[in-house]
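Here is a short briefing to read alongside the model.

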Amino acid sequence: MPSQLRWIDKTQPQTLMIATIIMYINADFGLLDGLVFAVPIGTLLVLGQVASGLGIANDKKWGYWLGVVLVALYLALLVVTFHFVFIVNFLFYGALLALLLHPQSRHYRRTWFR
């Protein structure tokens, strides 16, 4: 059991490691875009992605499931408020959801996460 908090776990499969990094990047862009101030749920999305990234990096099941729920929620919001500009966001978050639900990620989660 690690004695300190990890931001990224390089021993995880590529799918989970990349998903963790993308969670942090999405949270950064959410802060830069003003998502925290523009949409009431934006604060939950930004802070939740950071928490999820930390949870995944530290082999926590709650971090994995928080990430899946947040990404699915964000995709649902993009579908409801569809606008041409959001197509890139939709593809980006769709790829993130695919990384989290990839069989390699799910197998690692079942085996190693607590």
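**Overall fold**

Starting at the N terminus, the elements of the protein chain follow the order α-α-α-α-α-α. That gives 6 helices and 0 strands. The radius of gyration is 14 Å, close to the 13 Å that the globule rule gives for 114 residues, so the protein chain is as compact as a globular protein of that length. Please keep in mind that this is a predicted model.

**Dimensions, burial and surface**

- The C-alpha trace of the protein chain spans about 45 × 25 × 20 Å along its principal axes.
- Of the 114 residues in the protein chain, 41% are buried.
- If you take the contacts between residues at least 6 apart in sequence, 66% of them join residues at least 24 apart.
- The protein chain has an accessible surface of about 6900 Å², and carbon and sulfur atoms account for 73% of that surface.
- Charged side chains number 8 positive and 4 negative, with 14 Å between the centres of the two sets.

**Aromatic residues**

- There are 6 aromatic pairs in the structure.
- One of them joins Tyr 64 and Phe 113 in an edge-to-face arrangement, with 6.5 Å from centre to centre and 80° between the planes.
- Tyr 64 sits in helix H4 (residues 61-80) and Phe 113 in the segment after helix H6 (103-112), so this pair ties together parts that are 49 residues apart in sequence.
- Tyr 64 counts as buried because its relative accessibility is 0%, under the 20% cut-off.
- Phe 113 also counts as buried, at 5% relative accessibility.
- A single aromatic cluster takes in Tyr 64, Trp 65, Tyr 108, Trp 112 and Phe 113.

**A look at Leu 99**

- Where does Leu 99 lie? Its place is in helix H5, which covers residues 87-101.
- Is Leu 99 buried or exposed? With a relative accessible area of 19%, Leu 99 is buried, since the cut-off for buried is under 20%.
- Which residues does Leu 99 contact, leaving aside its neighbours within four places in sequence? They are Thr 15, Ile 18, Ala 19, Ile 22 and Ser 105.
- Leu 45 is 54 residues from Leu 99 along the chain, and 18 Å separates the C-alpha atoms of the two.

Technical notes
Residues numbered from 1 in each chain as written. Predicted model: local features only at pLDDT ≥ 70, side-chain atom pairs only at ≥ 80, totals over all residues. Heavy atoms only, no water. Phe/Tyr/Trp six-rings, centres within 6.5 Å; stacked < 30°, edge-to-face > 60°. Helix = DSSP H or I, 4+ residues; strand = E, 2+ residues; numbered from the N terminus. Buried < 20%, exposed > 50% of the residue type's maximum accessible area, 1.4 Å probe, protein only. Rg over C-alpha atoms; globule rule 2.2 N^0.38 Å. Contact = heavy atoms within 4.5 Å. Areas by Shrake-Rupley, 256 points an atom, 1.4 Å probe, with all protein chains shown as cover. Lys, Arg positive; Asp, Glu negative; His and termini not counted. Charge placed at Lys NZ, Arg CZ, Asp CG, Glu CD.
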